[in-house]
Each structure stands twice: as C-alpha cells, then as structure tokens.
Amino acid sequence: MSGIVIGNTLRTSWKQILYWGAGLGVLGLYIDFIAMSPDIISGYADLLKTMPPAVLQAFGASDIQLLTTAEGWIVSVFVSEAAIFLSVFAVMAGLNITANDEQSGVMDVILSLPISRAAYLLERWIGYALIGLGIVVLCALITLAGIIGMNVDAPHDVILKSILNMYPAALLVMTVTSLLATILRRRTVAIAVSAAFVVASYIFNAIGAAAGGAFADLMKSVSYFSYINGEAFVIGTYDPADSVIVLVAVLVGFALSLKMFVSRDIGV
Amino acid sequence: MATESVIEISGLSKTYGSGSKQTLALNRLDLSVRRGEIFGYLGPNGAGKTTTIRLLLDLIRPSAGSASIFGMDIRADSVEIHRRIGFLPGELSLWEGRTGDQIIHYVASVRGDTRGIAKHADELAERLDLDKTKRVRDLSSGNKRKLGLVIAMMHSPELLILDEPTGGLDPLVQQTFHDMMEEYRAKGKTVFLSSHVLSEVQAICDRVGILRDGELKAVESVEKITNVEFNWVDVTFRDAVPAGLQQQLDNMPSITDVSTNGTRVRMRMIGDFDPLLRAISGGYVEMLHVEEPSLEEIFLAFYSGDEEKLQ
C-alpha cells in the first residue's frame, strides 16, 4: 500500500470536510444558541410531556428531565439530527469508494495501473474514512466553540465524546453502501438499497425504543442508530462494547466487499 | 524481428450472464503476439475485441482458458504486468473535473516515477498538440483521446494495448500517431491495437487477427489480407443508364453484384478501371464514386472461398 490513492482521495475530496463539517457545525451552533435559554428548553420539555411515552421514545427522548439540562438538550437533539445528515454523507462516500468510478468507466484506467484491486479498495476506503473523521471532528469543534463562545453551561468532554461517537456508525453506513455497490454493481440500485438500510435502521430504532419486549429489543439492537446513543455519555451509561460491535460490523462489511471486488468482473 | 511471444493466449473464453441470458463473447481464443510487432486486432463491433483486451488487463475474468503477458499469468501477476504496459480504453473516461496535468501526475505517481514520466508526458503532449492545463470536461472527444494516449505512453511501456486508438482524432494527429507507432516498433516494443478501420491497420500493422462473433477466424500478415481488396463503384449518369450496360457489366469477370437504380449503377469491382470506363463511355457520366470495402467485406471475400475468384 503506497498511500498515493489515499492522498489523491483527500486532495480531490477534502472540501467535503469543510462543507459537511461546517454545515453540521452550524446546526450545532443553532442548538447551542437554544441551549443558552433555559426557558426555551424547559418549554420544549413541557411540550414533550404532553406526548405519550412511546412516541417520546420513538423520537429518542427517553428522559424528559435530561432535556431540560443544556448538555442533555445538545446531545439529544444535535446527535439525533446530525446522525441522519451524517448517514447521507456516508452513503455518498460509500458510492465514491468504487461505484462511481466503475460506472463512469474511470475504473478501467485505474485498474490498468500497477495497483492491486485490494490495495485500491483499501486506500479509497481509508481516504473516505479520514474525510468522515474530519467532518465529525470539525462539527464537534464548531459545536464546542459555540458552547464556549455563548457561555453555555455544559461539560465539554461529554459533548465532544457524544458527537465523536457518531463516527463508528458513519463508517458502518459507508462500508455497507460500498459493499452493496460491489455486489449490486449499479449505482442507482446501491443508492436505493443503502437508503432503505438507513431508513429501516431509523424505524427499527424508533419502534424498538417505543415498544417493549424481546422482539423490540432485537429490532433496536440491529439498528445502527441505537449505537449512536449520545444520552449515554450524559447519564454515564456509555458502554465501549457498543462501539466495538459497530466497528466489528464495519470490519466484516469491508472484508466482504474486498472479497467481492477482488473476485468479480469490473464494469460489467 | 525476434519471435519471442509477448502475449500468449490459450483457449481463452468469456461468457457473460447466466442461464438463458448467457452470451458467449469470446470462444476458445488462441493467439500469440510477438515482441517488436504491431498487431492489429480486427473485427466488427461486438466481435469480442474489447472483451479480449479487458481479459488481458484482468478487468474481467475468463470463463475458460488462460493468457500470459511477458510470460506472466494475467491474473496472478497483474500488478507486475501493468507496470510494463500502457493501455488506452476504447471508451475513455477520465475524472471530468481534473486537468490533464493533474491526471498525468496522479497516474505517474501510481506508477512510481513522477519526474521522469511527467517529462515524457510533456513531450508527447507537445507532439499531439494537447493542452494539459484544461479540465477534462472542457476537452473535445479528440483531445480526450490524446490525453488517453499520453497516459498510455508516458512511461514508455514495453507493450501498448490500444482499443480503437484513433477514434475522434483528426487526420494530422492520426499521422502523428502512426509515426509514434513506427518509432515504437523501431525500439523493439510491441503494440496490440484493436480497430475496425482498415486503412489504419494497413498503415501501421505487421500482422492482423480477424475476430468475428467471438472467434478468431484468421491471423495473417497485413499484406496478404489486403491483397484481396476490391472496391464498390457507383456511377451516376445524367440521363438514363445506357441500354445494354447492365448486360455488358454482367459479362465482365472483374465486376459482380451489379444493381441499377434510376440513373445510378452500383457494382463490386476488382482490378483495373479501364474496362469499366470503356463500358460506361456510352453515357454522360455525372459522377463516379469509389468506395473502399469494409473490413467485414474483405474478410468475407477472403475466407468465404471468393478469394480465387477475386484474384
């Protein structure tokens, strides 16, 4: 592995860090701004209290008292919204790893060069993983800067950890999309199935959280959204095993896409 | 010329699809390309030329058979093979938002020698009159083709694999390309190029392989293949076709397939024009058009038993 493809990927796509990172950061600033006013967030909590508990659970608001604190508000609202936007980036990044170049025909030129398919896929994956990391870090820094600048009373380390915890899930969505593109070979089909994966995960998490019982727990456990649990950092129940599970799924997904990409015809 | 093989293909087959939708694109291809020759790989669209090239480059995997380049297996040693070859795809796609210079630099860095390769790329671009500073999306199809040629040749590969290399190039650049190929041959390098343009093959190739419906029908020297050449001749009279001309043409051994349409007569002809000119002198000839036969027609004439009749 020479790192040349990683460098090229970063050179051609580094602006995505700015666009996505700054975009999510602005969302963070907006939520910081609301967190400045305890009246607004307590009013929001009062509104949520009027809803049935199951509906609240479905929207990720497991503890209304938590929402009345600045850190609870920022983590619950920002992380749940940013995770959806980050999933969109991850689907696009997953397509960029191989599918777009394969469908456009550029892949024929690339793979006629002295680089193995495995090395190429790995370097592209690392390149986009770094871009994803840059986005998450930039949006976390902007959100933290807002907390400091607006003098919001929220623990910085909790906010930082809860935002960074979105990263393994973003890697998972990117890897799953890359795998689907490798198997399905058509960009449009891969987009559709990846979108279905994201939406299904969201619904599974919402239903799993709202309903009780073993089946609901199972639904929740297969949703990657359930592993982006920002509240766990606030109430101190974060379990590193959750992140490990997601990262293991990432590794398995990458290994499968590598196997497929190395063994199949290109551009057919 | 040395007879050492650079490309050795044995029983190579490729089938696309599965079940009832299975298509045989290449059927048990055996072929050898020698070091230092320019080999023309000919055939109509869909004959299997691009499939062969994509198999050689390990972009697709064979259904049966094997092939080697420089004595190395095309699958097991693809990275080492790719280090020593240059490739131009038939349908060239490049990164639309990047300039020629950026693409050349990237490809050169993957090849591991940016400085030496970039210098040669500059020379090639100058010869081909290519502006490397433009973004790909701003290049015409001909200029994209030139950029593709620069990328394929800039590391002075031992073997060039070119799929329809001159499509979209203007005649002056085509001539420059032909000169480059002559220089390649003079340096003992090998070129494997696919084409369906007979004149191009005649101009630069030593040998040709003719592919049809996924099967290699013949491998011959260019000289032998083009000896069977005939022409389609269209004669347009100002007034009606002279009486008795059709019968007269039918009786001429060098002319076949005569058809008349209003004031126009079309025929297939080999040999000298003089007998035809004498035959049509009875009418006022408004236009005489001579059309080179397609490769397919020459091929059919050569291999369908018409060869003796034509010669």
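Helix axes are lines fitted to C-alpha atoms over the stretch in contact, and the angle between two axes runs from 0 to 180 degrees between N-to-C directions. In this predicted model, the axes of α12(A) and helix α13 (residues 214-221) of chain A come within 7 Å and cross at roughly 150 degrees.

## Helix packing in chain A

The crossing of α12(A) with α13(A) is left-handed. On the α12(A) side, the contact is formed by A:F204, A:N205, A:I207, A:G208 and A:A209, and on the α13(A) side by A:A216, A:D217, A:M219 and A:K220. By class, these residues divide into 5 nonpolar, 2 polar and 2 charged.

Helix α12 (residues 187-210) of chain A also packs against helix α11 (residues 166-184) of chain A, with an angle of about 145 degrees and axes 9 Å apart. Here the crossing is right-handed. From α11(A), the contact takes A:V173, A:V176, A:T177, A:L180, A:A181 and A:L184; α12(A) supplies A:R187, A:V189, A:A190, A:V193, A:S194, A:F197 and A:V198. The contact of α11(A) with α12(A) holds 10 nonpolar, 2 polar and 1 charged residues.

| Helix pair | Angle | Axis separation |
|---|---|---|
| α11(A) and α12(A) | about 145 degrees | 9 Å |
| α12(A) and α13(A) | roughly 150 degrees | within 7 Å |

## Contact between the chains

In the model, 17 residues of chain A are in contact with 19 residues of chain B. On the chain A side, α1 (4-13) and α8 (106-110) each supply at least two residues. The largest share of that side, 3 residues, comes from α8(A). Sorted by class, the side of chain A that touches chain B has 9 nonpolar, 6 polar and 2 charged residues.

## Nonpolar cores

In soluble globular proteins, nonpolar side chains tend to be buried together. The largest nonpolar core in this model has 141 residues. Those with the most contacts inside this core come from both chains: A:I74, A:M166, A:A169, A:A170, A:V173, B:V150 and B:I161. Helix α6 (residues 70-97) of chain A gives the largest share of this core, 16 residues.

Apart from this core lies another, of 10 residues, which includes B:L249, B:V265, B:M267 and B:M269.

Leaving out residues up to four places away in sequence, B:I161 touches B:I53, B:L56, B:L57, B:I85, B:F87 and B:F192.

## Layout of chain B

Chain B is divided into domain 1 (5-226) and domain 2 (231-291). The C-alpha centres of these two domains of chain B lie 41 Å apart. Along its principal axes, the C-alpha trace of chain B spans about 75 × 45 × 45 Å. Chain B contains 12 helices and 14 strands.

Of the 311 residues in chain B, 38% are buried. Among contacts in chain B with a separation of 6 or more, 70% join residues 24 or more positions apart.

## Individual residues of chain B

B:D213 has a positive phi of about 50 degrees although it is not a glycine. B:D213 is found in the loop between β9 (207-212) and β10 (215-221) of chain B. Because B:D213 has 14 other C-beta atoms within 10 Å, B:D213 is partly exposed.

B:D257 is likewise not a glycine and has a positive phi of about 50 degrees. The place of B:D257 is in strand β12 (residues 255-261) of chain B. B:D257 has 11 C-beta neighbours inside 10 Å and therefore counts as exposed, since the cut-off for exposed is 12 or fewer.

B:A279 is in helix α10 (residues 274-280) of chain B. With 19 C-beta neighbours inside 10 Å, B:A279 counts as partly exposed, because a buried residue needs 20 or more. Not counting residues up to four places away in sequence, B:A279 touches B:L245, B:Q248, B:L249 and B:M252. Of these, B:L249 is also among the residues of the 10-residue core. From C-alpha to C-alpha, B:A279 and B:H155 are 57 Å apart in space, and they are 124 residues apart in sequence.

Key
Residues are numbered from 1 along each chain as its sequence is written. Chains are lettered from A and ligands numbered from 1 in the order in which they are written. This is a predicted model: local features need pLDDT of at least 70, side-chain atom pairs count only at pLDDT 80 or more; totals for chains, interfaces and linings use all residues. Domain bounds come from an automatic or database domain assignment. Helices (H or I, at least four residues) and strands (E, at least two) are DSSP runs, numbered from the N terminus. Two residues are in contact if their C-beta atoms, placed from the backbone, lie within 7 Å. Ala, Val, Leu, Ile, Met, Phe, Trp, Tyr, Cys and Pro count as nonpolar, Asp, Glu, Lys and Arg as charged, and the others, Gly among them, as polar. A nonpolar core is a set of buried Ala, Val, Leu, Ile, Met, Phe, Trp, Tyr and Cys residues joined through C-beta atoms within 7 Å. A crossing is left-handed if the near helix is turned anticlockwise from the far one by less than a right angle, and right-handed if clockwise.
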